[in-house]
Amino acid sequence: MGKERFVFVLLVFSCCCSCSRFADAYDPMDPNGDITINWDFQSLDTKAADTYTVMVSIQNHQLYRHIEQPGWRLSWSWAGKEVIWDARGAEATEQGDCSRVGGGSRPHCCQKRPVLADLPPGTPFNQQVSNCCRGGVLSSLTQNNLTSTAAFQMVVGDYAAARDGGGKDEPEMPWGFDIGVPGYSCSNATKVPPTRSKVDRNRHVQVLLTWRVTCSYSQYREAVAPSCCVSLSTFYSSGIVSCPLCSCGCQGSPTSPQCVSSSGVPAPPPPAAGRVDDDEPPAPLVRCSEHMCPIRVHWHVKVNYRRYWRVKVTVSNYNLVRNYSDWNLVLQHPNLRSLTQLFSFNYKPLIEYGTFNDTGMFWGIRSYNEMLLQDGNVQTEMILQKSEGEFTISGGWAFPRRVYFDGRECVMPPADQYPALPNGAAATRRSSLAAGACMVLLSFIALV
């Protein structure tokens, strides 16, 4: 009995360790990455109307994770009976019951828990503020730091006074913040030094008060199953190491997406299929495969030159109902610091420690391949210079250590299944060295 219990505990511990990279919000690829929400108070009327005007900014500080359509939807719970009288750059999804508010004009939103959504591009200028109106999309810092920030302005009335000694000088902080994107969880609001901004060469201005909320990402919080996998191949092996079986779920399991077979007949849907909101992206519908992943990344070691080696990377979209706009790919390999030439993709080192860099981010070229289409693919080839004393094609060294697509870590094949060198490779190398030594010896004897 004791032995069986020990084995059970060991298995549970192993599962927890294997999931820790997905469950932990800390990301070694982007240790300082998060989304910061600032509430900057532009005016605060504590005498007449108990109203304040606040500029809310959402800043994506993540190096490679971005927010796609349908975009962010910021929500929170008021501490009292606050109402939003006006909003610019965003709008509340529901007005709510405003019957308790007197007067001739009706507030923009009277809900206890409002949900604010970004306005679409093309919004009239009198409803805009700076950095608004991109439909909730936030770029990553690496791809485009100019569009990694969103903002909107609100006029809030009937606010509750702070209960921590601030009296009527400061409002009570809202709570329960949520950015409305799967995988993210947000902290409570905290008071930080007021935001300062530069208006010209000599002058800075600052707001009256600033609250800050920090949101972090966890892949395990977003979904139980992964959404991408990796396959491998080489020039010296005719076989392909496929994605691991059931990488993103097995056909018919609750965690797997619905799939379509090669004959075009959909497979039976998973047992647990809930209703999807109209504002949510469609559930994945993928081509039936052994891995059942919407995305597959294939790494092919193509050529081994004398001083360089060449790799081809193909990203295939098995999702039949979704295009991936502004996609990105993160690869970790020790030889990326010697990347010499790249075709068809943009590239930027992701993490650099002095001269050491083993992680790179790749994304599409604007108006060429920045969108990965349904049931399509994008591909690139890269030429890398061999690092002296480090390069080898044995032992799986030529394959990536980690692969991320759109911020989600992909499932790698087990290391013992990596393509192996031909059985005679080592013997051939030894025999060629011996033959070379014999030729040198014979030449020396002939000269003598």
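Here is a short chat about a predicted model.

User: Hi! What kind of model is this, and how are residues numbered?
Analyst: Hello! This is a predicted model, where local features need pLDDT of at least 70, side-chain atom pairs count only at pLDDT 80 or more, and totals for chains, interfaces and linings use all residues. Residues are numbered from 1 along each chain as its sequence is written, and side-chain values use heavy atoms, with hydrogens and water left out.

User: Thanks. How many aromatic pairs does the structure hold?
Analyst: The structure holds 20 of them. Rings of Phe, Tyr and Trp (its six-membered ring) pair if their centres lie within 6.5 Å; planes under 30 degrees apart count as stacked, over 60 as edge-to-face and the rest as tilted. F41 and Y52 form a tilted pair, with 4.7 Å centre to centre and 45° between the planes.

User: Where do F41 and Y52 sit in the chain?
Analyst: F41 is in strand β1 (residues 35–45) and Y52 is in strand β2 (residues 51–60), 11 residues apart, and the pair links distant parts of the chain. Strands (E, at least two residues) are DSSP runs, numbered from the N terminus.

User: Are those two buried or exposed?
Analyst: F41 is buried, and Y52 is buried too. Buried means under 20% relative accessible area, exposed over 50%, and partly exposed in between (1.4 Å probe, protein chains only).

User: Which cluster do ring pairs make?
Analyst: Ring pairs link W39, F41, Y52, W76, W78, Y159, F177 and W211 into a cluster.

User: New topic: which residues does a cis peptide bond join?
Analyst: Q69 and P70, with omega of about 5°. P70 is found in the loop between β2 and β3 (73–77).

User: And what is the phi of N131?
Analyst: N131 has a positive phi of about 70°, although N131 is not a glycine. N131 lies in the loop between β6 (115–118) and β7 (149–157), and it counts as partly exposed because its relative accessibility is 32%.

User: How about S367, what is its phi?
Analyst: Phi of S367 is near 65°, a positive value in a residue other than glycine. S367 is found in the loop between β26 (356–364) and β27 (371–372). With 69% relative accessibility, S367 counts as exposed.

User: Last one: what does G176 touch?
Analyst: Leaving out residues up to four places away in sequence, G176 touches S75, W76, S77, R113 and N188; contact means heavy atoms within 4.5 Å. G176 is in strand β10 (residues 175–178), and at 23% relative accessibility G176 counts as partly exposed.

Terms used
Helix = DSSP H or I, 4+ residues; strand = E, 2+ residues; numbered from the N terminus.
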